[in-house]
Amino acid sequence: MLVKDAIVLRFEELCRERKITYNELATRAGVTPSTVYSMMDRHRRDLSVITVKKLCDGLDISLGDFFSHPLFDALDQEIR
């Protein structure tokens, strides 16, 4: 699994746990819904660390808590 895929899965999990939509996440994070939907699109590879930080802020978790998850323990090599 690549880091982008793991990040998407982690946000999906957190939204499910908190029972919030991507639109609500966007509102909480102070970003547009299109920003969240674009990032969650598995076909798009670009990803902003600043956006990840804002979404974590909207979920009231730190980047450390976000990335401290088994999804990030065995990622595939990104260099191809």
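A residue is called buried here when its relative accessible area is under 20%, exposed when over 50%, and partly exposed in between (1.4 Å probe, protein chains only). The structure is a predicted model, in which local features need pLDDT of at least 70 and side-chain atom pairs count only at pLDDT 80 or more, while totals for chains, interfaces and linings use all residues. Residues are numbered from 1 along each chain as its sequence is written, and side-chain values use heavy atoms, with hydrogens and water left out.

The protein chain holds 5 helices and 0 strands, with helices (H or I, at least four residues) and strands (E, at least two) taken as DSSP runs numbered from the N terminus. Of its 80 residues, 38% are buried. Contacts (heavy atoms within 4.5 Å) with a separation of 6 or more come to 67% from residues 24 or more positions apart.

Turning to the aromatic rings, 5 pairs are found in the whole structure. Rings of Phe, Tyr and Trp (its six-membered ring) pair if their centres lie within 6.5 Å; planes under 30 degrees apart count as stacked, over 60 as edge-to-face and the rest as tilted. Phe 11 and Phe 66 form a tilted pair, because their ring centres are 4.5 Å apart and their planes stand at 35°. Phe 11 belongs to helix 1 (residues 3–18) and Phe 66 to helix 5 (residues 63–67), so this pair ties together parts 55 residues apart in sequence. Phe 66 also pairs with Phe 72, again tilted, at 5.8 Å centre to centre and 45° between the planes. Both Phe 66 and Phe 72 are buried, and Phe 11 is buried too. Together with Phe 67, these residues form one aromatic cluster.
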